[in-house]
Amino acid sequence: MSKKLNKKIKKSNKIVEKDLLGNQGEVYFSPDLDEKTVYFEGFDSLTGTIVTGSYDFNKKGGVTSYGLSLGDSDGIALTHLFTMENNKSFKKSAKHFREILNEDTTYAGILSNAMSTGDCQALANYMDGLSGVADGIMSTGASVGNGDLCYS
């Protein structure tokens, strides 16, 4: 791996730790350079939240898409997938995702409804407005529990 690519991956890992996960607990990374994917896993000992996910990058190290699942020892509660608008939108998207997850009451209501009904389409549609996410069909995915993904 080139020095430049290694530097870009480390920068993206910091975005995952700080902006996406909010410095909650330890995060472990496993890069797969053949697939141009970095897998990550984190655990927050205060809340018991387990986060697993990955991001894909291009040959220059720019993040092209990412996804993550949040859950606990009982299983996965929700999953989100995003295709990036451009190579520089990952940080903006990660920060916005964290804000929505922590502070957005509209998101909380939509998520609660999706969890009770199993219908994730409204959740995917809402998350499609996330900063930095590409336009177009299937740029955003969401699911609740072990259900199928809904795309927007």
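This is a predicted model: local features need pLDDT of at least 70, side-chain atom pairs count only at pLDDT 80 or more; totals for chains, interfaces and linings use all residues.
1. Local features here need pLDDT of at least 70, side-chain atom pairs count only at pLDDT 80 or more, and totals for chains, interfaces and linings use all residues. Residues are numbered from 1 along each chain as its sequence is written, and side-chain values use heavy atoms, with hydrogens and water left out.

2. Helix H3 covers residues 105-117. Helices (H or I, at least four residues) and strands (E, at least two) are DSSP runs numbered from the N terminus. The 13 residues of H3 should span 18 Å at 1.5 Å a residue, and the end C-alpha atoms are 18 Å apart, which agrees. The expected span is 1.5 Å times one less than the number of residues.

3. Tyr107, Leu111 and Ala114 are the buried residues of H3. Buried means under 20% relative accessible area, exposed over 50%, and partly exposed in between (1.4 Å probe, protein chains only). The face of H3 turned away from this buried side carries the exposed Thr105, Ser116 and Thr117.

4. After H3 comes glycine 118, with a positive phi near 85°.

5. The structure holds 5 aromatic pairs. Rings of Phe, Tyr and Trp (its six-membered ring) pair if their centres lie within 6.5 Å; planes under 30 degrees apart count as stacked, over 60 as edge-to-face and the rest as tilted. Tyrosine 55 and phenylalanine 90 have ring centres 5.7 Å apart and planes at 40°, so this pair is tilted. Both tyrosine 55 and phenylalanine 90 are buried.

6. Ring pairs link Tyr55, Tyr66, Phe82, Phe90 and Phe97 into a cluster.
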